[in-house]
Amino acid sequence: TIVSSVYRTSYHFQPPHNWINDPNGPMYYKGIYHLFYQYNPKAAVWGNITWGHSVSTDMINWIPLDIALNPTKPFDIDGCWSGSATILPSLNKPVILYTGSNQEKHQAQNIAFPKNLSDPYLIEWIKPDEYNPVMSATGDINPAQFRDPTTGWMGSDGYWRVALGAEIGGVGMALLYKSKDFVRWERADKPLHSPRGSGMWECPDFYPVALEGKRGMETSLNSEDVKHVLKMSLGETHSDHYLLGRYDEEKDMFIQDNEEKEKNYRFWRRYDYGNFYASKSFFDAGKERRILWGWSNESDSKPDDIAKGWAGIQTIPRMVWLDENGKQLVQWPIKELESLRRKRVHFHDIELKAGGLLNIKGVKASQMDVDVEFELPSLEKAGPFDSLLALDPQVLCEKGNFSTQSGIGPFGLLVMTSLNKDELTAIYFKIFEAYDRHVVLMCSDQRRSSLRPELYLPVYGGFVDIDIEKERRISLRTLVDHSVVESFGGEGRTCMTARVYPAFLVTSKAYLHAFNNGSETIRILHLNAWNMAKPSINVAQDQFLI
Ligand code: DQQ
């Protein structure tokens, strides 16, 4: 149908048809990237969950393979749910741990091995009956909330560990399991981490980041030179939150930095303040970096998804590292994405006066990569920041819009805009003055993104933790791909992914503008917008990587 093709992504990962959700078991093994994903082979809605599988040498072009895990055993007959891959260094062999749901809808963790290690694609996986399930919900664990094992890491005592999401007495936490041989597992006395207050933790992720530099590290690494990241996906808000801290090997626990300050899980930092969930990272040993994948759900209706015949995408793989300030992560689309850049439109040194609007012509604005840097000559007119009212950035973004003037900003980009601007998505910044510092707010406002009925049209908001007084500049990069608007503010310190379905796209083209609706003149230091080529993603082909 028309609707299916205009909203279908060109350079974001999705299979040819049907429903997908969480990224599973991403890994780099013998020169090949593997991505598995929660997949319904029968329909564009959640159900019949299997592990879809694709391989790549650049994480941009993907070859589709047979389903890697199907519900075939009593322990996974109701679905092969999320999990992770671990490469066992002594055997140089990958293994998968995943959640199986059985007939009673009880969850347990299972192990799967590649059937044939000499197959470079690792197409077939076996689930040995003599081991499975390898972790069952015993004792106080709610068997309906016990899932999503992480990649394993090895402690200096030679024992493997994995964490997984569980609910005990109604409270979500990351449980810890230990094993000498990776197939026989025992629950540790204490959870890896269990703050009070939040519900079930889905898809936990646990990994080290270097205190300095962008280099990624192997999941088992622990030293004075790293911090650890613990990520959990909170179902009630459909959001991925992370904590920074340290992994205390003796206690076998994750100890959060600034524990007191960040007790309220609603204010834990997020990888992405938009539509981004159940993410998972892996260490890319080829390029020594840590890569993060996340699922972006549709924001249209179920009947729309059924009509389209597909639902769900993976966001562009992001490199992730610790910010110089040691307080937050930074994410940036992998370098390989730039291989898709084609014709470029470029501006530099342009003044945007109060109310200024710059029409950026010459780019295919529904399939592009745009990167802009704004300079702020003065912060004097920054509006006051009421710290009591302003705890939740999303609420702040909901209160205004891209045309409500308030001191410095809003300024930013209007993307996926129709000719007469009755449909548009605004991604912008606003700067406030708090009693001791300036606060930068970033919004992605989808309320005007479409005139079509029955769509979810949210506003996303997050603070950008940069020293704007010192920097006097802020960047915004946005990847537009038909129904995707994936934005990186402050060089990747605050990210927001939105899904949009403008009606005009069925018949006409999209426009791109830069704007400034604040009362102060600002400057565009430079703006680059590239048309993006369409890679080969999961299109059947006879070509082989090796
Ligand atoms: N999706 C999987 C679960 C996981 C949830 C089922 C998160 O394993 O907890 O498809 O989106």
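Visitor: Is the link of Cys397 and Cys443 left-handed or right-handed?
Guide: This is a predicted model. The angle about the S-S bond between Cys397 and Cys443 is -80 degrees. That makes the link left-handed.

Visitor: What is the S to S distance in the disulfide of Cys397 and Cys443?
Guide: A disulfide is a covalent bond between the sulfur atoms of two cysteines. The cut-off for counting one is 2.5 Å between the sulfurs. Cys397 and Cys443 are joined, with an S to S distance of 2.1 Å.

Visitor: How many residues apart in sequence are the parts that Cys397 and Cys443 tie together?
Guide: Cys397 lies in helix H3, residues 393–399. Cys443 lies in strand S32, residues 438–445. The bond therefore ties together parts whose separation in sequence is 46 residues.

Visitor: Why is Cys203 in no bond with Cys80, and how far is its sulfur from that of Cys80?
Guide: Cys80 is in no disulfide, and its nearest cysteine sulfur is that of Cys203. Cys80 is buried, because its relative accessibility is 0%. Cys203 is buried too, at 2%. The gap between the two sulfurs is too far for a bond, because it is 15 Å.

Visitor: How many disulfides does the count come to?
Guide: Cys397 and Cys443 form a disulfide. Cys80 is in no disulfide. By the distance rule, the count comes to 1.

Visitor: Which element of the protein chain has the highest mean pLDDT?
Guide: The chain averages a pLDDT of 95, and 97% of the residues score at least 70. Helix H1, residues 2–7, has the lowest mean among the elements, 80. The highest mean, 99, belongs to residues 484–489, which form strand S35.

Visitor: What is the volume of the second largest pocket?
Guide: This pocket is lined by 23 residues. Those nearest its centre are Lys214, Trp321, Val330, Trp332 and Glu491. Its volume is about 480 Å³.

Visitor: How many charged residues are in the lining of the second largest pocket?
Guide: Domain 1 (2–333) and domain 2 (342–532) each give at least three residues to the lining. Strands S24 (318–322), S25 (329–333) and S28 (367–375) each supply at least two. By class, the lining has 9 nonpolar and 3 polar residues, and its charged residues number 11.

Visitor: Which strand is Pro410 found in?
Guide: A cis peptide bond joins Gly409 and Pro410, with omega about 0 degrees. Pro410 falls within residues 408–417, which form strand S30.

Visitor: What is omega for the cis peptide bond of Asn132 and Pro133?
Guide: Pro133 sits in the loop between strand S8 (125–126) and strand S9 (135–136). A cis peptide bond joins Asn132 to Pro133, and omega is about -10 degrees.

Visitor: Is Asp148 buried or exposed?
Guide: Asp148 is not a glycine, yet its phi is positive, about 70 degrees. This residue lies in the loop between strand S10 (141–147) and strand S11 (153–154). With a relative accessible area of 3%, Asp148 is buried.

Visitor: What does Asp349 count as, by relative accessibility?
Guide: Asp349 has a positive phi of about 50 degrees, although it is not a glycine. Strand S26, residues 341–352, contains Asp349. At 44% relative accessibility, Asp349 counts as partly exposed.

Definitions and conventions:
Residues numbered from 1 in each chain as written. Predicted model: local features only at pLDDT ≥ 70, side-chain atom pairs only at ≥ 80, totals over all residues. Heavy atoms only, no water. Helix = DSSP H or I, 4+ residues; strand = E, 2+ residues; numbered from the N terminus. Buried < 20%, exposed > 50% of the residue type's maximum accessible area, 1.4 Å probe, protein only. pLDDT = per-residue confidence, 0-100. 1 Å grid on protein atoms, 1.4 Å probe; cavity = no way out; pocket = protein on both sides within 12 Å on 5 of 7 lines; lining within 4 Å. Points joined across faces, edges and corners; volume = space filled by probe spheres on them. Nonpolar A, V, L, I, M, F, W, Y, C, P; charged D, E, K, R; others polar. Domains from an automatic or database assignment.
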